[in-house]
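Subject: Handover of a structure and what was found in it

Dear colleague,

I am passing this structure on to you, and my notes follow below it. Please look through the sequence and the model before you read on.

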Amino acid sequence: MANKKGALKLYTSYNFTDKDPVIDKVRTLVNREGASYKEIHEKSGVTISTMYAWFEGKTRRPQYATVMAVVHALGYRTQFIKRGTKQ
């Protein structure tokens with residue numbers, strides 16, 4: 001796109017080319033806690049197929065509410081800090 005003097009330049013929002021980095025963070029929490037997808041599903045209501053899609057790369061941008069349901073089910077706060085620990 002040619003940018004002429006005084007022309008409005010349009011910016012696009014950032015798009016993750018591979019996947020949202022929060023997926024790797026949640027995967028780390030799942031591994032750290034040693035929880036199975038079934039256990040997480042029972043505590044969070046998030047389906048096993050949804051988690052499988054996140055961690056196997058089929059989902060690039062998971063929904064915030066779904067991610068937070070898993071994070072809370074694992075016992076973490078929104079900031080990904082284990083409850084009851086100092087920051």
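Predicted model: local features only at pLDDT ≥ 70, side-chain atom pairs only at ≥ 80, totals over all residues.

Does Lys 38 count as buried or exposed? Lys 38 counts as exposed, because its relative accessibility is 53%, where buried means under 20% relative accessible area, exposed over 50% and partly exposed in between (1.4 Å probe, protein chains only).

Residues are numbered from 1 along each chain as its sequence is written, and side-chain values use heavy atoms, with hydrogens and water left out.

Helices here are DSSP runs (H or I, at least four residues), numbered from the N terminus. In helix H4, which spans residues 64-73, the buried residues are Thr 66, Val 67, Met 68, Val 70, Val 71 and Ala 73, and these pack against helix H1 (22-33), helix H2 (37-44) and helix H3 (48-55), contact meaning heavy atoms within 4.5 Å. Just after H4, Gly 75 takes a positive phi of about 95°.

The axes of H1 and H4 (lines fitted to C-alpha atoms over the stretch in contact, with angles from 0 to 180 degrees between N-to-C directions) come within 10 Å and cross at roughly 20°. The two helices are therefore roughly parallel to each other, a term for angles under 35 degrees. In their contact, Val 22, Val 26 and Leu 29 of H1 meet Val 67, Val 70 and Val 71 of H4, and the residues divide into 6 nonpolar, no polar and no charged, with Ala, Val, Leu, Ile, Met, Phe, Trp, Tyr, Cys and Pro counted as nonpolar, Asp, Glu, Lys and Arg as charged, and the others, Gly among them, as polar.

In H3, Met 51, Ala 53, Trp 54 and Phe 55 are buried, and what covers them includes H1, H2 and H4.

A search of the whole structure finds 2 aromatic pairs, for which rings of Phe, Tyr and Trp (its six-membered ring) must have centres within 6.5 Å, with planes under 30 degrees apart called stacked, over 60 edge-to-face and the rest tilted. Tyr 37 and Phe 55 form a tilted pair, 5.7 Å centre to centre with 40° between the planes.

Note on methods
Parallel < 35°, antiparallel > 145°, perpendicular 65-115°, else oblique.
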